[in-house]
Amino acid sequence: MSSRHLRRVVATAVAAAFCAVLAPLAPASAETPRSCAAPDGAHPRSEAPRPCVTADVTLDRLPAVGESATVRVRLGSQIDISRARLSVQLPASLRLSNGGSGLSAPRTIGLNQVAERTFALSKAGRTVTFQVTALAAGPAQVEAAVTDLDAVTPDRSGRGSALLTVGDRPGTSRAGVTGEDSAAVTLAPGTGPAARVAPSLAPSAVPGQICAKGAFSVSDKAGTWLAGRNLPVTVLGKATSSSATQTYGTGLTSSTDGSYSVCFNASSTLYQLWVQFSTNGSLWRVTNNAGSSTYTVTTAAKSNVPSGTDAAFGTTTPSATHMRGWHAFDTLNLLWFARGSSTNCWTARESSACTKITLHWQPGSTDGTYFDNSKPVGQRHVAFADADPDSEHLVLHESGHAFMDLLYGGWWPASDCPSPHYLHAVTGSMCAWTEGFANAITGYLKGDGRFYWPDGQWADLMQTAWNNPNQAASRTNPQNGDKVELRVAGALIDLWRNVDGGPSGTFDNMRQYASSSFNEWFTVDRPQSGLSTTAATRDLVYTHTIDYRTTTPGGGLVNGGFESGTANWTITGGVVGNWTTYPAQAGSWYAWMGGNGSANTDTLSQQVTVPSTGTTATLGYQLRIVTEETGSTVYDTFKVQVVDGSTTTTLATFSNANPSAGYVARTVNLSSYRGKTVTLKFVSVEDTNLRTDFLLDSLTLTTA
């Protein structure tokens, strides 16, 4: 083994060990400070970013109706923040008195009220206090969220909450919230979707029938009222005051507007009638963290309901404390509508007894955010932390993992995801594929090509600008290639929008062929379903910095990004690889010439036919030079040559005197070789000491 080969192996091994040690840390950048620590008790597969700031909420007493309590919000930070925004949220059943707290006057958002304050937050922390008065009995949650306004990222946002159940008389209140059933809240006529569904609620009962009618609505984080779609509806009641409760009818809320109309035979007046809604659907469900109970909302009972009439229950919504779980249930409709299955199950693997997607969530939960595939198929679940359903994108992302699990029949490739992993950073090929697929589900189904975190921050999945190596990698400067989940997500969304006519073809392909990486899916499995891998399609993928472009051997330049290793290249010195000592300019493979610190010559060449079309031909390439030499004297050189028959012409020369911090785009003119078959050759020559590394990547041959 040459000295240069040994040095590369050692350097790679050291880098791998170093990365393994640093795996829990975020990439160093202005957005992800290394001082952030993982939250205590975080699940090892959690995809939640690590907070640099925290919020802890406590009450000095548990108030009953008419009583007051002091709320203390203790804020902590691992960094000094010049402008931190504190947002306090609580239900309308608690009245906030902000005197002396500096909080703004509360504003109504859905069934909640929100007050805010901005201040400096140092590493010493800060405490904000205010008063609340209980106005009504029932579950209540007091939440506090803090965000760095000058670096608005998920890991510079923290939140905390306190849960209590308000009693109707002194001494009956208790800490926490128990049970999954909540009394229905009836929205005022004309509020939210209720006005839109009114036409479908026209009288429909015929003699001998009773029809229970109404609509269900949920609120998102912004307070927008949304239709609660495809929710199970059960109509319950009693025939007489002494009768047992019985089920009179079942159905689903509308898949478009959340309305329902459940009619049943009734020959006489019923003593009582009420409606119960559930998150236990036939294809997906939302349960508590134990997975033991789904959520229900029960309306108030109507008395003495005559036969031949409609029982109108208006527009129902859950309590504020349970709203997020119901919102998560509704969000999954987007994935169901797009699943592309030929059966009534999630995938065509099943036609009956469909496997459900199960979401675990409960108020105040810190168990999230991840898909747990460690259990047998059918028992796997998504785990969400308390505020996670505030982001429909996040709900779809994690549910996208569950959907991939169903497409692959429970099979998963070996994981190479670091913990934590980041949208913008190079991970492993499996990680970028599975996470990129889940992000593509999100960006495509929401129609915005983005990923949103629960605090409202977002990343653009459709970025096509190449990474700037002179700046830290971040969500606005993502790294390149098919090991970056943001790049994979953007490529998939583009394929679904502009090539495949939607994602159903991909879903059906995945049902039949299991892929361990985006490369395997695109180059091996995708063509087996007749999905396009033409040059134009590969060019589209390349706009997302993923280079799978090919040309006919003996024609134009092939494997110019080295992602197929040494294919189509003639080399000496083992100069093509995917080392981690230096990053590739795109993808993970590149040519590393020189790097010995002793007398040595490396060569890299490929025979090409320069197209005769157009009037100009240009060879483009990315070159980075790192050297131990100093000064402007030339010791080590790198040459770009063309061999035409017996004539070798040097078109460009670089040396240790041309170092660069990152890759630099270079070109040479090949116009005089149009229509000829020639050999492109790259040669590095080193002297007897002090190494110079010549890093070559992303070669292209174009005409104009």
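Q: How far apart are the mean positions of the positive and negative charges of the protein?
A: In this predicted model, the mean positions of the 50 positive and 52 negative charges are 3 Å apart.

Q: And how many salt bridges does the structure hold?
A: The structure holds 17 salt bridges. Five residues, namely Glu143, Arg159, Arg324, Asp386 and Asp390, are linked in a network of them.

Q: Which other residue forms a salt bridge with Arg324?
A: Asp390 does, and the closest N and O atoms of that pair are 2.9 Å apart.

Q: Why does that pair tie together separate parts of the sequence?
A: Arg324 is in helix 3, whereas Asp390 sits in the loop between strand 25 (381-383) and helix 5 (392-407), so the bridge joins parts that are 66 residues apart in sequence.

Q: Are these residues buried or exposed?
A: Glu143 and Arg324 are both buried, and Asp390 is buried as well.

Q: What about Arg691, where does its side chain meet a partner?
A: The side chain of Arg691 meets that of Asp693 in a salt bridge of 3.0 Å, N to O. Arg691 is buried at a relative accessible area of 16%, and Asp693 is buried at 2%.

Q: Changing topic: how many disulfides does a search of the whole structure find?
A: The search finds three disulfides. They join Cys211 to Cys263, Cys345 to Cys354, and Cys417 to Cys431.

Q: Why is the disulfide of Cys211 and Cys263 given a handedness, and which one?
A: The torsion about its S-S bond is about 110 degrees, so this disulfide is right-handed. Cys211 lies in strand 13 (residues 209-219) and Cys263 in strand 17 (residues 259-265), 52 residues apart. Cys211 is buried, with a relative accessible area of 0%, while Cys263 is partly exposed at 34%.

Q: Is the link of Cys345 and Cys354 left-handed or right-handed?
A: That link is left-handed, with -65 degrees about the S-S bond. Its S to S distance is 1.9 Å. Cys345 is buried at 0% relative accessible area, and Cys354 is partly exposed at 22%.

Q: And where are Cys417 and Cys431?
A: Cys417 is in the loop between helix 5 and helix 6 (429-446), and Cys431 is in helix 6, 14 residues apart. The link of Cys417 and Cys431 is right-handed, with 105 degrees about the S-S bond. Cys417 counts as partly exposed at 25% relative accessibility, and Cys431 as buried at 0%.

Q: Turning to the fold, how many helices and strands are there?
A: The protein has 10 helices and 37 strands. Of its 704 residues, 52% count as buried.

Q: Which residues of helix 10 are buried?
A: In helix 10 (residues 535-542), Thr537, Arg538, Leu540, Val541 and Tyr542 are buried. Their cover includes helix 7 (485-498) and helix 9 (518-525).

Q: Lastly, what does Val640 touch?
A: Leaving aside residues up to four places away in sequence, its contacts include Leu619, Tyr621, Val668 and Phe682. Val640 lies in strand 33 (residues 637-644) and is buried at 1% relative accessibility.

Conventions:
Residues are numbered from 1 along each chain as its sequence is written. This is a predicted model: local features need pLDDT of at least 70, side-chain atom pairs count only at pLDDT 80 or more; totals for chains, interfaces and linings use all residues. Side-chain values use heavy atoms; hydrogens and water are left out. Buried means under 20% relative accessible area, exposed over 50%, partly exposed in between (1.4 Å probe, protein chains only). Helices (H or I, at least four residues) and strands (E, at least two) are DSSP runs, numbered from the N terminus. Contact means heavy atoms within 4.5 Å. A salt bridge is a side-chain nitrogen of Lys or Arg within 4 Å of a carboxyl oxygen of Asp or Glu. Lys and Arg count as positive and Asp and Glu as negative; His and the chain ends are not counted. The place of a charge is taken as NZ of Lys, CZ of Arg, CG of Asp or CD of Glu. A disulfide is a pair of cysteine sulfur atoms within 2.5 Å.
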